[in-house]
Amino acid sequence: MAVQQRQWGTTPSISWTLPTEKEIAQDKELTDELKRQGQYEAPGETEKKQQLLIQLQKIAVEFVKHVCRKINLPQSIINSAGGKIFTYGSYRLGAYAPGSDIDTLVVAPRHVNREDFFEHMPSILEKMLPPGAIEEMKPVPEAYVPIIKLMISGTDIDLNFTRLAVSSVPWDLDVKDTNLLRGLDDRELRALNGPRVADELLQLVPQKKTFRTALRAIKLWAQRRAVYGNIVGFPGGVAWGMLVARVCQLYPQATGSVIVMKFFRIIGRWNWPQPILLKESEDHPIQARVWNPRLYPTDKYHLMPIITPAYPAMCATHNIGPTTKKIIIQELERGGDITDKISFGRLQWKDLFTKHTYFTKDYKYYLSIISGSTSKDAQASWSGFVESKVRLLVQALEGQGTIGVARLFNKGFAREHRCNDEDEIEAVLRGDMQYQATNVKTETTDKINDPLHNAIAQGNADATAVADGSGEIARNGVEPHAFYTTTYYVGIELAQGLQNECEKMPDY
């Protein structure tokens, strides 16, 4: 039975049909598979994170009071200054896996600034958290959005900061209020955009539980198929979330499993570059720059525009290029073929989450780009700078008539080596693995999740952050026998004409 209700999104829904018994059973099978794949957190871990956020809220209020006292504000202002912690990203959307970090934002009133955040917040965290709770603390003031990277009792926290042009930040502050954007600079706007987008997105889906089930599935699929990561030209977590939300709007009564099945066909056959919009764009007196290809020429070149729903609207997928667009559409088509077979009982949900074959089957030729430093801190910034340039290299390769596809893998591989002299370092930079430290695991850049690396890779850090890192390299760092590398791989597919010629060669 169909039930007509409100319009979700910018167009009428395709179907209001209620789920069938078969669809409800398939939804349970999907949830069970996601649990087997380790995508749900144990209740105890969830409670632990909630308690930690309560602690961080108390710390945020104390931090604001501390700064107020330092600048000798009246006690009445100190008492009412407030301060609030907001979450955003996957945690706020409710679609996070065990071990995922929590993106948090400290919002302070106007008399607290970024310098105060980095000067006072670390000591207040150490004072107010239990002894030994802080396992790691790494401030990154160079990032475009200021951040302190924390590991607290096994939980990874990204602590960002912004201030509002108000005298008080009450506990019930509604971050969706666009009037809060008045008087903010670009950094402050960008920081506040995280929780604003997450909150808007949750308001724009008909059923949050359905959305979260489908988003867990799509994120796992995208990660397994190596089409996840904004830095290297694929949609990031928020962009995939907006795509899932759009399909939820088109099928308001559907189960999570139906949303996943519809997702691949609808998004895979979308009429790009027509944008994905969850709501009509809105105007505001502050006149911030919003995504608008009619006004801004650069916006016309976005190949798969997915537009954030909170003002000021931005394109979350501006890094997508011709090759990554082609790969995304191929993977969506493949996903649609698999879910069609799941629907008819010929495959199971686990088949959707099969790992990619990038290194084992997809390409005959690979280009490896290796950056190296003699200190770990230097390598964090240097590898981020190299990653930002690898994207330009891939774009240049795509423009060569002899190359059909140049696909950058969506993460780098960080390794530690033991070298005794310059010759061994040169060998490592040529790809020699014999000096790799046997007692240190190779890690991927997404697992390391270094905030300075990420900021530089996205071009969102001051130039001095890179210059300082490369300077350390020139001075040989502080650990002469340790050498740290990050390797990026580009899969190469030759243009068809050249490929045919190569296949005629006797040694091909």
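## Residue classes and the model

Ala, Val, Leu, Ile, Met, Phe, Trp, Tyr, Cys and Pro count as nonpolar, Asp, Glu, Lys and Arg as charged, and the others, Gly among them, as polar. These classes are applied below to a predicted model.

## The cavity

The model contains 1 cavity of 30 Å³ or more. The volume of this largest cavity is about 30 Å³.

Its lining consists of P235, W240, L243, I267, M304, I306, I320, I328 and L332. Sorted by class, the lining has 9 nonpolar residues, no polar residues and no charged residues. Two helices, α8 (237-250) and α10 (322-343), each supply at least two residues of this lining.

## Aromatic pairs

A pair of aromatic rings is described by the distance of the centres and the angle of the planes. In this model, 22 aromatic pairs are counted. One of them is formed by F413 and Y489: the ring centres are 5.7 Å apart and the planes stand at 70°, so the pair is edge-to-face. Planes over 60 degrees apart count as edge-to-face.

The pair links distant parts of the chain, with F413 in strand β8 (residues 413-418) and Y489 in strand β10 (residues 482-494), 76 residues apart. Both F413 and Y489 are buried. Together with Y358, F359, Y363, Y366 and F409, these two residues form one aromatic cluster.

## Charges over rings

Arginine side chains also meet aromatic rings. R6 lies over the face of W8, 3.5 Å from the ring centre.

Methods. Residues numbered from 1 in each chain as written. Predicted model: local features only at pLDDT ≥ 70, side-chain atom pairs only at ≥ 80, totals over all residues. Heavy atoms only, no water. Phe/Tyr/Trp six-rings, centres within 6.5 Å; stacked < 30°, edge-to-face > 60°. Helix = DSSP H or I, 4+ residues; strand = E, 2+ residues; numbered from the N terminus. Buried < 20%, exposed > 50% of the residue type's maximum accessible area, 1.4 Å probe, protein only. Lys NZ or Arg CZ within 6 Å of the ring centre and 35° of its normal. 1 Å grid on protein atoms, 1.4 Å probe; cavity = no way out; pocket = protein on both sides within 12 Å on 5 of 7 lines; lining within 4 Å. Points joined across faces, edges and corners; volume = space filled by probe spheres on them.
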